[in-house]
Amino acid sequence: MTEAGGGPGARRRGRETRRRQREARSTGMARGSGLARAFRPLSDRDVERVHGAALDMLERVGVAGATPRVREAALAAGCARTGAGRLLFPRALVEDAIDRAARSFTVHGRDLRFDFEARNGAVNFCTGGAAVTMLDLETRRYRPSTLADVYDLARLCDTLENLQWITRPVVATDVEDPFELDVNTVYACAAGTRKHIATSYTLGEHVTASLPMLDLLAGGEGGFARRPFCTAHATTVVSPLTFAEDSLDVACAAVDIGMPVHCLTGPQAGATSPAALAGTLAQGCAESLASLCAVNFLAPGHPVVLGNWVFVSDLRTGAFSGGGGEQALLGAASGQMSAFYGIPGGMGAGMTDSKLPDNQAGFEKALTLALAALSGGGFVFESAGMLASLLGCSHEALVIDDELLAVIRRIARGIEVTDETLSVDVVAETVAGPGHYLGARQTMELMETEFVYPRHADRSSPDDWAEAGARDIRDRARERAREVLARHRPVYIDAAADRAIRERYPIRLDPAGAGGAAA
């Protein structure tokens, strides 16, 4: 195999320098406060060994199924190809790709208020999933998800302050044509929110064909390139270690139009990756790094979220399980590896196996979300609304989970320790005075910043709770969801742009219901 750029000795020295720099970043984050890696399931030595194993897999085993465009770019960059057609990635080449990758980038909304920076150490909660059923808000039974659900979920997410990025949580199963599905999903999300949105595409050509619509939504020709408000979710690798042709084409097309890419992989321990959790983590790193290389071969520094999603199988059945302790560990370890690479990473959490937003959903979501958020990895996907091991979605679960995310964000902020917050003078004044702190100036100043107050969780006494109707959190969340869906019908697509989009694309949402053409 060949190596690109410099001799072997120079490459080894550069690789060692980069390793030390990553260690310095990792250690610095661990010493920080707030969101900086408060939970570390892996020791520094463990992180190095997982990374080393991932590099071994890429160099010795390689990745099958590269598309001609990616294969040519990889070979030109210094990869080798086996007789069986697998691409082998030299270690130094992977290290170079990590160095070229974007360390941070602006995630744009269609409103400047929703812009934020993607980087490690700053957690961002996102929806996600491709559920094919909805837990109906009225019947409380599961039914196939529809395009109207995509729009309704976007409208509801638009009002939830702890979600920064809206990935369509469900698939519009009532739209059969793949192209119509792709463009209608983007339209429905954009009609419901001005936050950053994301979706998957069936084919790369659909990404290219959607650019005029994206420009119209962004204000006119070239608007999307200036403020790319939509990310392509692309499962670029199918485990174990095989590129997915259509999704790889999607990622390449996204690069061509300046669209950020979330390159996903999803090895399941014991099924499509080793039963050993360390082996699954290493394989997931190898697969996500291969995708990172592919994008950076085409466009160094292109905005990429390192989607090192690693999952768990229930080995009694072989089915995916999203809510156990092993999943919580793997999600946090994935975030820790992204922090080590210094690249914004995406983790899956909040993927309860429960079919209802009940006690099981509560403890599974709290465990997986908290550990993922505290790992320092960047994006936490599937973080609200998902049920039934990602097969279902629920409006009331979205509302409940948004409240859970507020609590997790507070935990992740940590405790601020300063001379002022240590409160020695406040204690002395209170002891010498009223004997309590309820009316103290410090209490008044901090009550809205130091504490998070629930909107739907109940803190009343048993008697007050019974007198108010003895409702549980599901009842209160369902009422809130109904209220939002009845009243929150924003107009986020102006009439002229909406007409132009409908003239060019087969948009199925009712104009009166989608908010666009109603203006």
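User: Which residue stands opposite Y142 of β7 in this model?

Analyst: L135 stands opposite Y142. Bear in mind that the model is predicted. Read the strands around that contact next. Strand β6 covers residues 133-135, and β6 pairs with β7 in the antiparallel sense. Three bridges join β6 and β7.

User: In what order do the strands of that sheet run?

Analyst: The order is β7-β6-β21-β20. This is an open sheet of four strands, with mixed pairing. Its edge strands are β7 (142-144) and β20 (386-387), and each of these pairs on one side only.

User: How many aromatic pairs does the structure hold?

Analyst: It holds 11 aromatic pairs. Take W309 and F311 as one of them: their ring centres lie 5.9 Å apart, with 75° between the planes. Planes over 60 degrees apart count as edge-to-face, so W309 and F311 form an edge-to-face pair.

User: Are W309 and F311 buried or exposed?

Analyst: Both are buried. W309 and F311 also belong to one aromatic cluster with F116, W165, F320, F379 and F381.

User: Which ring does the charged end of R110 sit over?

Analyst: The ring of F229, at 5.7 Å from its centre.

User: How do I read the empty space inside?

Analyst: Rolling a probe the size of a water molecule over the atoms shows where empty space is left. Here there is one cavity of 30 Å³ or more. The largest cavity has a volume of about 50 Å³.

User: What lines the largest cavity?

Analyst: Its lining includes V70, T236, L248 and C263. Helix α10 (277-298) and α9 (245-257) each supply at least two lining residues. The largest share, four residues, comes from α10. By class, the lining has eight nonpolar, two polar and no charged residues.

Definitions and conventions:
Residues are numbered from 1 along each chain as its sequence is written. This is a predicted model: local features need pLDDT of at least 70, side-chain atom pairs count only at pLDDT 80 or more; totals for chains, interfaces and linings use all residues. Side-chain values use heavy atoms; hydrogens and water are left out. Two strands pair if DSSP finds at least two bridges between them. Rings of Phe, Tyr and Trp (its six-membered ring) pair if their centres lie within 6.5 Å; planes under 30 degrees apart count as stacked, over 60 as edge-to-face and the rest as tilted. Buried means under 20% relative accessible area, exposed over 50%, partly exposed in between (1.4 Å probe, protein chains only). A charge sits over a ring if NZ of Lys or CZ of Arg is within 6 Å of the ring centre and within 35 degrees of the ring normal. On a 1 Å grid over the protein atoms alone, a cavity is a set of points where a 1.4 Å probe fits but cannot get out, and a pocket is an open set with protein on both sides within 12 Å along at least five of seven lines; lining residues have an atom within 4 Å of a point. Grid points are joined across faces, edges and corners, and a volume is the space filled by probe spheres set on the points. Ala, Val, Leu, Ile, Met, Phe, Trp, Tyr, Cys and Pro count as nonpolar, Asp, Glu, Lys and Arg as charged, and the others, Gly among them, as polar.
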